[in-house]
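Thanks for coming. Please have a look at the sequence and the structure on the screen, and then we will go through a few contacts.

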Amino acid sequence: MTLRFDLPEDNFADILVRAFTNRSFLTGFVITALVAAVAIVSFFWTPFDVTRLIIADKTQAPSPAHWFGTDHFGRDIFSMIMVGARNSIAVALVAVGIGMGVGVPLGALAAARGGIVDEAVMRLNDLVFAFPALLSAIMITAIFGPGALNAIIAIGIFNIPVFARVARAGALAIWPREFILAARAAGKGKALITVEHVLPNIVTLLLVQGTIQFALGILAEAGLSYVGLGTQPPMPSWGRMLFDAQTRMGVAPWMAIFPGMAIVVTVLGLNLLGDGIADILDPKSRRQR
Amino acid sequence: MSLLEIEKLSLTIGDTPILRDVELSVAPGEVTGLVGESGSGKSITALTVMRLLPWAARASGRVAFDGIDILAASEDQMCALRGDDIGMVFQEPMTALNPVKTIGEQVAEGIRWHTRASRADAEDRARKMLDRVGLPPAQVPLSRYPHELSGGQRQRVVIAIACALKPKLLIADEPTTALDVVLQAQILDLLRDLVAENRMGLLLISHDLAVVTEMAERITILRHGEVMEAGDTARTLSEQLHPYTRQLAQASMHVPARATTHEVGQDNPQLQVAKPLLQGARPLLQVESVTRDYPGRRKSLLKRAAPTRAVDDVSFSIDPGQSVALVGRSGCGKSTLARMVLALDGPTSGTIRFRGEVITGKSEAELKPARRDMQVVFQDPYGSFDPRQKVEKLVAEPLHVLEKKPTDAERREMVAKALHDVGLGPRDMDKYPHEFSGGQRQRLSIARAIITRPKLVVADEPVSALDVSIRAQILDLFAELNQTLGVAYLFITHDLTVARAITDQVMIMHAGKIVERGRTSEVLDHPQSEAAKSLVAAAPDLHRAIARRLQEQG
Amino acid sequence: MTAYLLKRLAIALITLVLASMVVFAVLEIIPGDPARLMLGMNASADQVELLRNQMGLNAPLAARYLHWAGGLLSLDFGRSYTYSVPVIDLIRERIVVSLPLALIALALSTIIAIPVGLFSAGRHGQAGDTIAMGAAQLGVAVPNFWFALMLIYLFAVWLRLVPAGGFPGWSAGVWPALKSLVLPAIALALPQAAILARVTRSAMIDVLSEDYIRTARAKGLPYRAVLWRHALRNAMIPVLTILGLQFAFLLAGTIIIENVFYLPGLGRLVFQAITQRDLIVVESVVMLLVAAVIAVNLLVDLSYAVVDPRLRSRQ
C-alpha cells in the first residue's frame, strides 16, 4: 500500500476553514466564550447584589424577577452563578497554568535526557499518581486551611504529572524523527532542539490536554467547595451552592438544579473545545485522561 | 480463459476520481505485473479485487473472478472468496501481523474458517505451509509471535497466510519494497515457485520496473489511474512504443553524466587507500579501526545478554571530492557507521579524523568547525523536515555552526542561493514543507546540506523513497553538485544501481565489517567476496531482465 | 517475562515507600499538637508533655517514621485520638461499606461502558455512534455529587423507591444494605462509564485502522469476526490503563459520595478525621487507599503482560 493521506499541517487559512466547519469546536468555542463573558460581566453587573441577604425573598421558585429562583438567604441564584463562574474559571485556569508550567518542562527534560533523569521524573509521577487526586486535595486544604488559594495549589500539583506524562510521551515520539537528527547534525544542542523543534510539535497535544485539565479543574473546585474546603462563603461558588441545596432538595430543588447545570455546561463546552482542537490540528492525536 | 478479468473499471473516493477505465487480466499460472508510480492507483485496483475498499469508494465497470461478478457479489460471497480463492500479500511485513497472536494461530485461522477443519488439523496444515515458505519448525515454531521474527520472516508468514488454501489468484502489493535486495530476491523466488506449483495466477504490483520484468510475462502500466500501455513484457519494454513507458524505462536505467575526475586508482584499486598519502594530499575523512557495541538486552535485573557489535573494526578513508558508496543489506551496520562519521554517535573504540582532526569524543562546541564542513541528507523526504517551520528556517538550520551569525538579509541570501543550486526558486523560502512534492523535498534536503558549502555530504538512502523518474533527477543533481562544488559523498544504500550511477568507489559492508572495497564498476562487475556476490546477484537489473526475457522467447 | 514483572514489582514497592514518607512528612508539618488536641485546652504543659512521651512524639523523626511504618506492616495502625479505639477496628468497620461500593461502581461502569464503546466503534460515524458519544460527552461533564443529588431528588424524594441516605449495616440483611448502595454506586459509576466508553471507542477505532486488521479481512473473516478475534484484544491495552486510573478516581469519589449519602465508609471516616485533626486515622486511611491504588496499578501492569506478548519478551 502506498496510499498517503498527508494532511496539511500548518496552513493558517486551512486551519481556520476546518475550525469553522467543525461542529465540536464551534459548539465548544461558543459555550466557553459565553461562560467567560458571563464571568467578566459579573465584575461590573449582576441582576441582583449577591452580598445582600433578603430573608423575606428566601427560597423563591424561578420567576421573571429571579430567573433561577432564590436561595435560603433570598439571594438571586442567577447572579450567584454569574459570580461563581469567575471563581471556577480562575481556580481551574491557574491550576492548569501550574500544571503546565512545571509539568511540561519536566516531561520535556525527561524525554531529552533519558536514562536516570527520565527514570527519576517517571518515579515522581508514579508517586503523585498514587494519591487519589481529590483525596490529596482534601488533605492539602485541610492542612493549610480551606480557601480558594489552597484549592488552586492542590489542584495544580495534581496537574503536574499529567502534563509531564503527556509532554514526555509526545516528545519521545518526536525525538527519533529525522528532522531532529538533521538539527543535531547542524550542531544544535538538546535544549535548543527542544525549544525549536520538540515543543512546537507537541503544542497540539498540550492544548488538548489543557482543555481537559481545565474541565477537570472546574469539577475538582466544585467538589472541594461542596465539602467546604474550596472557595469560602460569602463568596458564591457553584460547589458551595450545591452543598447549601442538599438539605433543601424537598423545598427548593432549583437551588441544586441550576448551579449543577452551570457546571455541566461549562465542562461540556471545554471538552467539546478540546475535541474540536484535536480534530482540527491533528486528526490522529491521542487524548489522555 | 482469464482467471481475473477487469473491464472498464472506474472508481472515485468521494469526489476524487482514482481510476478510469482500467483494463487488466490475469490467467491461471501466469504472472501479470502492474506497474506505476505513487498515486497511480495500483493499490486501489488490488483492493477493488478484494473488495476491501474505503467506505467512500464507488466503483463501476466489471471485475470478474472465475466467472463471479466481484462488484455485485454479496459480502458473504466475498468472505468465501477472500483467503480461499484469492490471497493477498501486503507491503509492510512489520505491521501486517497481529502482534498479540502467535503466527501459528494466524496461519491456521484462515484454514479453520474456510475448511471447518479441527484445530489440530489446521495447525498441521499451517505447519506444512510455513515449512513451504521457508520457515522450518526448528527455526520458527508455531508458538512464535510476530515481534520475534525478522522482516523477511514476517513477509514469509504473510505469504503463508495468503497461500495456505492454495488460492487460484494471489495479489501481491509491493511485497518486497520494504525488504533489502537479497531478501527481495528470495521472496520473489518463493512467489515464482508457488505460482508454478499450484498454477496460481499472480497479480504483482510494484513501482520497480526491473522487478516486474523479471517476474511477469505480461505487464500493465498505470499512470494517474489510467492504463498507459499493456501487453507482453519483453515486447512492451524492448520496443517502448508509448512515451510514458519509454520515460519510465529510461529513468530506471538512468546514469548521470559525470566527468570521472576522481578515478585516481585506475591501475590498481587496492592501492587507492594509500595513494593520496603518496601524492601528499590529505584524505578528507579517515576512519581508523572503529567499533561500536550496543549493550545487550536485559534478561533479568542482574543479567544482560552479550552486547551486539554493530560495527566491527572498520577502517577506510575518503579523499576530497571523492564519491564513495557504502553498500550492504539492512542491519549490516551501515547506518550506525554513518552516524559515527557524522559525530551523532560515538564509537566504542577507534578514532575518526575529519580534515586530519580527531572528531571522536569531542564536545558539541569543539565539533562546530567540523560540522561546518560535513552535512547529511536523509532517506525520508517527509520525515526529515519539521512540519511546523518554514523552508527559510529549515534550510538555514546548519548556519547555526557558523562562527559569525549571519544577519537576516545575509541569511535569506544564502538560503536563496542554496535553493537556486538545487533548482528551486527564492519564492519557495516562505512555504511550508508539506507544500512540496517528495522530489522537491529531497531537493530542499540537499539545499540544507550544501548551504554551508561542506566538504563532505553523508547521504543515507537519499533516493530509495522516490519514484523512478524523480530519482533520476535527484541523482543528476547529486552528480552536478559533486562537479560544481567539489563536495565528497558517502552514499549509504542497498541499491547497486544507485551506487553504479553516482560513485567512484564502493565499499561492501557485511555483519559490521567492510569486506570489499574497490572501483565501483570493478566491484559490481567482478565481485570477490560472498557478500558482494550475493548483493550483485540479487539486484534487479532492467537491462538484464529484458535481455533474458527476449532470449527466452527466442 | 520475569524481568518485566520484577521491574514492575520493584517500582510498586519504591512508590509505596516514597508515598509512606510523603504521608508521614505531610502530617508532621501539620500545625497543631495532637497531644494538646486530645487533652483539650485546659490541660497543663506537664500533662501534655507526659502524653507526648507516651505517644512517642518526642522520639527522633527517623525513629518515629520507622516505628510507624513497621506498625503499618503488621496492620498495627495505632489508636485513634478521638475515638480511642485501634484504628484498624475503625477501618475494618468502615471498609465493608466502601469496598463494596467501589467494586459495584467499577463493575457497573465496565458493564455499561465497554459494550457502548464497542457498539460505537462498530458504527463509527453513524447515527448510533453519534447518539452514544453525545451521551458520553454529557456524562463526562456531570459532577458525580450533583448527579447524586439529582438521583436522590428523583428516586428518594419523589418516587420514594430507595432511602435518601444512611446505611442499615450488613447485619440488617444483604438486600436492604445493597439497596442503600444502589444510588451511590450509580452516581459514581455513570460519569466514569462515560469516560471509559469514549476510551474504548477510540481504542477500537485506532486498532481497526491497523494493517493487521486488513490482513485478517483478506483471510476471509467477516467484519464482525475480525472485530472480536483481532481488534478487541489489542484495544484492551489502553482500556486497561484507564480502568486502573478509574479505580483511584472511584476511591476518591467515595469520599464525597459517602458524604452526600451519609454512608459510614472510609471516605467519610477520613473526612471527619481531617476536620477533627485525628491525624493517626488520616495517615492510616490515606496509606491504605494509596496502597490500594498502587496494588491496582501493579495488577494493570501484570495484565498488560498477559494481553501483550511483546512485553513478555522485552526487558
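Chain A and chain C touch through 43 residues of chain A and 47 residues of chain C, where contact means heavy atoms within 4.5 Å. This is a predicted model, in which local features need pLDDT of at least 70 and side-chain atom pairs count only at pLDDT 80 or more, while totals for chains, interfaces and linings use all residues. Residues are numbered from 1 along each chain as its sequence is written, chains are lettered from A and ligands numbered from 1 in the order in which they are written, and side-chain values use heavy atoms, with hydrogens and water left out.

How much area is buried between chain A and chain C? About 4100 Å², with 78% of it from carbon and sulfur atoms. Buried area is the accessible area (1.4 Å probe) that two parts lose on being put together, summed over both.

One salt bridge is found across this interface, a salt bridge being a side-chain nitrogen of Lys or Arg within 4 Å of a carboxyl oxygen of Asp or Glu. The partners are C:Arg198 and A:Asp275, whose closest N and O atoms are 3.2 Å apart.

On the chain A side, the elements giving two or more residues are helix H4 (115–130), helix H5 (133–144), helix H8 (190–226), helix H9 (238–246) and helix H10 (254–281). Helices here are DSSP runs (H or I, at least four residues), numbered from the N terminus. H10(A) gives the largest share, 11 residues. By class, that side has 29 nonpolar, five polar and nine charged residues. Ala, Val, Leu, Ile, Met, Phe, Trp, Tyr, Cys and Pro count as nonpolar, Asp, Glu, Lys and Arg as charged, and the others, Gly among them, as polar.

Now to chain B. An automatic or database assignment divides chain B into domain 1 (4–44 + 54–204) and domain 2 (259–294 + 306–317 + 328–365 + 490–554). Seven residues of domain 1 and eight residues of domain 2 make the contact. The C-alpha centres of the two domains lie 37 Å apart.

Between them, domain 1 and domain 2 of chain B bury about 660 Å², 63% of it on carbon and sulfur atoms. Which residues of domain 1 lose the most area to domain 2? They are B:Asp180, B:Val181 and B:Val182, together 75% of what that side buries. B:Asp180 also forms a salt bridge with B:Arg329, with the closest N and O atoms 3.3 Å apart.
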